[in-house]
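Here is a short briefing for a first look. Please view the sequence and the model before reading on.

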Amino acid sequence: QVPLVESGGGSVLTGGSLKLTCEPSRPIYNSNYMGWFRQSPGKAREAVAISSTLGGHKHYVSKVQGRFTMSEDTAKDTFYLLTTNLKAEDTAMYFCGFGRLFSINVDDFNFWGQGTQVTVSS
């Protein structure tokens, strides 16, 4: 498959921060939209933040609004999710995905990274 690398996860205390990185190949970058999703055991994968691949517009789900921030370095074809004020309920495997539709639906994203684990200890 097209190379896609995620990194930046780790273990932090409540209130801490992590910066997640997604490094797609250009064919993935050329997709119109990208999203950050997360999944914890026993739960379905859910969107946390969606954007155009060039960062023209962004959407955050209410559970992370004001705490998570998407950014991108288009020159490096690299995308970031800065997670701040982390809570125990943010513990999950975080994935980046790319697709051709602005959507919070997992099925609308065609390319995925391997995931990076975020663990928040209270």
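Is Asn-85 buried, partly exposed or exposed? Asn-85 is partly exposed, with a relative accessible area of 43%. Here buried means under 20% relative accessible area, exposed means over 50%, and partly exposed lies in between, with a 1.4 Å probe and protein chains only.

This is a predicted model, in which local features need pLDDT of at least 70, side-chain atom pairs count only at pLDDT 80 or more, and totals for chains, interfaces and linings use all residues. Residues are numbered from 1 along each chain as its sequence is written, and side-chain values use heavy atoms, with hydrogens and water left out.

**Overall build**

- The chain holds 1 helix and 11 strands. Helices (H or I, at least four residues) and strands (E, at least two) are DSSP runs, numbered from the N terminus.
- Read from the N terminus, the order of elements is β-β-β-α-β-β-β-β-β-β-β-β.
- The C-alpha trace spans about 40 × 30 × 25 Å along its principal axes.

**Surface and contacts**

- Of the 122 residues, 46% count as buried.
- The accessible surface is about 6,100 Å², and 50% of it belongs to carbon and sulfur atoms. Areas come from the Shrake-Rupley method with a 1.4 Å probe; for residues, only the protein chains shown count as cover.
- Among contacts with a separation of 6 or more, 56% join residues 24 or more positions apart. Contact means heavy atoms within 4.5 Å.

**The open sheet**

- Four strands form an open sheet in the order β1-β3-β8-β7, with antiparallel pairing. Two strands pair if DSSP finds at least two bridges between them.
- β1 (4–7) and β7 (68–73) are the edges; each has a single partner strand, so one side of each lacks a neighbour in the sheet.
- From one strand to the next, the twist averages 15°. Axes are lines fitted to C-alpha atoms, for helices over the stretch in contact, and angles run from 0 to 180 degrees between N-to-C directions.
- β1 and β3 (residues 18–24) run antiparallel, joined by 4 bridges. Glu-6 has Cys-22 in β3 as its bridge partner.

**Two loop residues with positive phi**

- Most residues other than glycine have a negative phi.
- Asp-77 has a positive phi of about 50°. Asp-77 sits in the loop between β7 and β8 (78–83). Asp-77 is buried, at 14% relative accessible area.
- Asn-85 has a positive phi near 50°. Asn-85 lies in the loop between β8 and β9 (92–99).
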